[in-house]
Amino acid sequence: MSDAPAPGIARGGSDRVAAACTDAADAPETGRPATAVLGVPHTAGPPPEPADRLRNTYRSMPEAERSALWRQRLHEAESGLTRLLATRPDTPLPDWFALQSEIFADLPDAATGSSRDWQRVFFRGQALMERFLVSRYGEDALTTWARSIAEVHRAVEPDHGRGAADPVHRIARQAELYGSDYEFDDGVEGDGQTRAALTLTHCAIWDYREQARRSGVRLTLASPCAYCTKALSENIRAKGFEPSHSLRTGPTGHGCRWEVTVPASADTPSSSSSSRER
């Protein structure tokens with residue numbers, strides 16, 4: 001693959017700049033999660049050609065929609081963690097209450113807050129929650145958290161009637177928030193009811209992590225994929241579909257491919273597969 005924009009590849013909204021990771025990151029000076037903000041989404045230029053309509057659907061995602069998606073993701077993550085901790089008798093409640101106050105500190109104004117403001121709050125909250133879990137229960141707790149988040153996701157993520165394409169479009173919308181490069185496969189360009197697929201040709205989350213690492217930020221997870229793949233897989237299962245994914249590295253950097261299918265039967269358990277291609 002090439003770094004040059006290819007037809008059908010939805011380029012990220014802005015030039016990539018340093019931003020917070022999706023896992024816990026501590027600034028060495030303060031010991032508190034370090035966050036930064038993405039650039040303003042690029043919306044200039046003519047609308048996509050009809051042939052690229054589905055592949056470029058979210059390139060010009062409106063500001064209000066971006067803000068709403070950041071808020072929904074924060075709600076899913078925090079509510080999922082609350083749901084998880086409520087079932088553990090060993091939950092350190094004073095620590096959890098203090099963490100909640102940090103997660104929701106300085107919230108943007110509901111009427112005037114921009115997507116960049118809500119992005120900042122999401123990154124801070126995600127970092128705090130990951131650090132809270134991993135430091136107390138180990139990295140394996142991320143899987144349990146992902147499953148708990150998925151139960152919230154099941155309730156709050158709308159069903160648009162596109163079948164297997166619905167969760168694939170959710171992945172694409174999230175990818176657009178980060179400025180990743182992605183393209184839909186032909187399953188989405190068809191009816192997408194029984195099979196849909198998406199390839200992230202460049203995952204911009206890795207850019208943010210590496211820039212933070214070079215700046216001296218301590219990262220909790222060795223790879224953003226350690227959490228992201230769990231979360232996406234569980235969200236897809238929660239909606240009644242079967243996920244599979246493969247991680248990729250190449251000339252365009254880190255990426256992944258996701259396929260979503262309707263299970264062969266209601267009795268067939270969903271499963272996720274993962275491999276790395278080079």
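# Close-up views of a predicted model

**Figure 1. A salt bridge between glutamate 157 and arginine 170.** Glutamate 157 and arginine 170 form a salt bridge in which the closest N and O atoms lie 2.7 Å apart. This pair links distant parts of the chain, 13 residues apart: glutamate 157 belongs to the loop between helix H4 (141–156) and H5, whereas arginine 170 is part of helix H5. The structure shown here, as in every view below, is a predicted model. Glutamate 157 counts as buried, at 8% relative accessibility. Arginine 170 is buried as well, its relative accessible area being 4%. Glu157 and Arg170 are also linked with Glu76 in a network of salt bridges.

**Figure 2. A salt bridge between glutamate 176 and arginine 66.** The side chains of these two residues, glutamate 176 and arginine 66, meet in a salt bridge at 3.7 Å, N to O. Because glutamate 176 lies in helix H5 (residues 165–178) and arginine 66 in helix H1, the pair ties together parts that are 110 residues apart in sequence. Glutamate 176 and arginine 66 are both buried. In the whole structure, a search finds 13 salt bridges. As a general principle, side chains of opposite charge can pair when their charged atoms come close.

**Figure 3. A salt bridge between aspartate 159 and lysine 239.** In the salt bridge that aspartate 159 forms with lysine 239, the closest N and O atoms are 3.1 Å apart. Distant parts of the chain, 80 residues apart, are linked by this pair: aspartate 159 is in the loop between H4 and H5, and lysine 239 is in the loop between helix H8 (225–238) and strand E5 (242–250). Aspartate 159 is exposed, with 61% relative accessible area. Lysine 239, by contrast, is buried, with a relative accessible area of 17%, which falls under the 20% limit for a buried residue.

**Figure 4. The buried face of helix H2.** Helix H2 spans residues 93–103, and Trp96, Leu99 and Ile103 are buried in it. When H2 is seen down its axis, the buried residues fall within an arc of 60°, so they line one face of the helix. Helix H1 (63–85) and helix H3 (115–137) are included in what covers the buried residues of H2.

Figure 5. The loop between H2 and H3 contains aspartate 106. The phi angle of aspartate 106 is near 55°, a positive value in a residue other than glycine. In general, most residues other than glycine have a negative phi. Aspartate 106 counts as exposed, at 60% relative accessibility.

**Figure 6. Strand E3 and its pairing with E2 and E6.** Strand E3 (residues 195–202) has seven of its eight residues buried, so the strand is largely enclosed by the rest of the structure. Strand E2 (residues 181–184) runs antiparallel to E3, and four bridges join the two. Strand E6 (residues 253–261) also pairs with E3 in the antiparallel sense, over six bridges. Threonine 199 can be followed through both pairings. Within E3, threonine 199 is the bridge partner of glutamate 183. In E6, the bridge partner of threonine 199 is arginine 257.

Key
Residues numbered from 1 in each chain as written. Predicted model: local features only at pLDDT ≥ 70, side-chain atom pairs only at ≥ 80, totals over all residues. Heavy atoms only, no water. Buried < 20%, exposed > 50% of the residue type's maximum accessible area, 1.4 Å probe, protein only. Arc of directions from axis to C-beta. Contact = heavy atoms within 4.5 Å. Pairing = 2+ DSSP bridges. Salt bridge = Lys/Arg side-chain N within 4 Å of Asp/Glu carboxyl O.
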